[in-house]
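User: Got a model open here and want to talk through its fold and pockets. Can you start with whatever term I'll need?
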Amino acid sequence: MNDDLEAWIAPSRTAVLVIDIQVDFASPEGALGAYVDMGVVQPAVAAAERLVETARGAGAPVIFVGLFTTPETDSASWRERMRRRGGDPDNESTLCRADEVGSDFYGPRPLPGELVVKKTRYSGFGGTDLDARLKALGVDTLVVAGVTTECCVDSTVRDAFALDYHVFVAADACAAYETDLHDTSLKVMALNSAILTDTAQVAAAWSA
């Protein structure tokens, strides 16, 4: 696979997508840090930083996809589902509010000129111009990293595959708050919509 990977993810055709590695989702100081042990995601954050630096060195575009919410864009169906499950939609809808610290990128951060795609739903393709931006760059292949594996990473990967992108998931640069969810989601993506790799294999392919 190593020789194939070098051609499959050639920088001339490939972009790295960094999904939702933001303060509220990944930092101990973020909104979820009060409830979730963010230590479980820190190895993935570090791996994503290595992946981003490798991509920049190889000349592959890096695209940061993040959740940026406002009261006007909050999903009525999401809020109602949360209410029916016994949650507090008013509290949980405030994650990654636009122009607040919680929506800032954490770990790998965009450099001036790098593309930032702001979304309001799970998938990076939902209601955004991500597909058009990728096509304008001549990209047909994606290497995906981010949090959480079973939610926004999985949703973006599924949509990318449905849009005919070749999708690779850097498994060590993704994380969920529960290890079994991470492992199961990787298994499902590998079965249906992506090829699993890791940051070391990507680095080796781009240094060849």
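Predicted model: local features only at pLDDT ≥ 70, side-chain atom pairs only at ≥ 80, totals over all residues.

User: OK, which strands does helix 3 lie across?
Analyst: Helix 3, residues 42-58, lies across strand 1 (14-19), strand 2, strand 4 (141-147) and strand 5 (166-175). Against strand 5, helix 3 runs at about 135°.

User: And the sheet, what's the strand order?
Analyst: The order is 3-2-1-4-5-6, an open sheet of 6 strands with parallel pairing. Strand 3 (115-119) and strand 6 (195-197) are the edge strands, each pairing on one side only. On average, neighbouring strands are turned by 25° against each other, direction ignored.

User: How many bridges link strand 2 and strand 3?
Analyst: Strand 2, residues 62-67, pairs with strand 3 over 5 bridges, in the parallel sense. If you want one to click on, L67 has K119 in strand 3 as its bridge partner.

User: Switching to pockets. What's the volume of the largest pocket?
Analyst: The largest pocket comes to about 1,100 Å³, and 33 residues line it.

User: Which residues lie nearest its centre?
Analyst: F25, W78, E92, L95 and Y122 lie nearest the centre of the largest pocket.

User: Which helix gives the most to the lining?
Analyst: Helix 4, with 4 residues. Helix 2 (23-26), helix 4 (76-84), helix 5 (89-92) and helix 7 (149-162) each supply at least two lining residues.

User: And the lining by class?
Analyst: The lining of the largest pocket has 15 nonpolar, 10 charged and 8 polar residues.

Notes. Residues numbered from 1 in each chain as written. Heavy atoms only, no water. 1 Å grid on protein atoms, 1.4 Å probe; cavity = no way out; pocket = protein on both sides within 12 Å on 5 of 7 lines; lining within 4 Å. Points joined across faces, edges and corners; volume = space filled by probe spheres on them. Nonpolar A, V, L, I, M, F, W, Y, C, P; charged D, E, K, R; others polar. Pairing = 2+ DSSP bridges. Axes fitted to C-alpha atoms, helices over the stretch in contact; angles between N-to-C directions. Contact = heavy atoms within 4.5 Å.
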